[in-house]
Amino acid sequence: VKTLTDITLVKNEDSDDLEELVLDETTKEKLCSSSLGHVTEAVMGIVKVFKSKFFAPPILAVKRCYEVMVTLLDRFYSIPQLLEFTGDVRYEIFRCFLSLRARQDFHLGYHKDGRGCVIFSPFVVCESKQGFFAKDKDMLVLSLTRACRAVIRCFKEDNDWRVLQLLLNQVPSVLQNRGMLLRYEESISKLAEALCGLVQNGYN
């Protein structure tokens, strides 16, 4: 029987069990009654696989890991009772998403931990308004729309100061990324509205 730890440690990125196992461990019943340490560890493993596969096939592992992370965030914000127990998990996922950058040719990359430079993938591209057709089977077109929506939702619904502080510190630098601005202008406008709402609520 496969466990959540097995999936992370052996890096079986293409397993159809990955999302099912992670989500099964983050039900309200399990989170309210057990430690979250193994779940946080598993998410950190997923983040590691997500970033490492930017530069080596199978590229579909990037999409698979991304879908698990955004699905977890959607679940947490859809069931408010889960927010109390999942701050560390949300922090790790948002830290991953906020490290992403896009070049003007829409190739995606991320800030390397401990380094100021961004390394871009030759295989992973950000979905553009005009559409982007993969040139070969090893290229992945990834839409970050759900991640943008999760950030907006965090500003509106999250009450974990550590998570909010991360977003407040990192979002301004993301907004300076022209590649992201060109692609996600509409989502960024909604993000600005959410930020304004957060500030206004703080003064009320």
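Start by selecting residues 60-78, helix α5, and residues 145-157, helix α7; the two pack at an angle of about 25°, with their axes 10 Å apart. (Helices are DSSP runs of H or I with at least four residues, strands are runs of E with at least two, and both are numbered from the N terminus. Axes are lines fitted to C-alpha atoms, for helices over the stretch in contact, and angles run from 0 to 180 degrees between N-to-C directions.) That angle makes α5 roughly parallel to α7, a term for angles under 35 degrees, while those over 145 are roughly antiparallel, 65 to 115 roughly perpendicular and the rest oblique.

This is a predicted model, in which local features need pLDDT of at least 70, side-chain atom pairs count only at pLDDT 80 or more, and totals for chains, interfaces and linings use all residues. Residues are numbered from 1 along each chain as its sequence is written, and side-chain values use heavy atoms, with hydrogens and water left out.

On α5, the contact (heavy atoms within 4.5 Å) is made by residues including Tyr66, Val70, Leu73 and Tyr77. On α7, Ala147, Ala150, Arg153 and Cys154 are among them.

Next, select the four strands, which form an open sheet in the order β1-β2-β3-β4 with mixed pairing. Two strands pair if DSSP finds at least two bridges between them. Which strands are at the edges? They are β1 (100-102) and β4 (140-142), each of which pairs on one side only. Neighbouring strands of this sheet are turned by 50° against each other on average, direction ignored.

Walk across the sheet in that order:

- β1 and β2 (residues 107-111) are antiparallel, with three bridges; select Arg101 and its bridge partner in β2, Gly109.
- β2 and β3 (residues 118-126) also run antiparallel, joined by four bridges; Tyr110 has Ile119 of β3 as its bridge partner.
- β3 and β4 pair in the parallel sense over three bridges; Cys126 stands opposite Leu142 in β4.

Finally, colour the chain by pLDDT, the predictor's confidence in each residue, from 0 to 100. The chain has a mean of 77, and 65% of its residues reach 70 or more. Where pLDDT is low, the predicted coordinates should not be read in detail.
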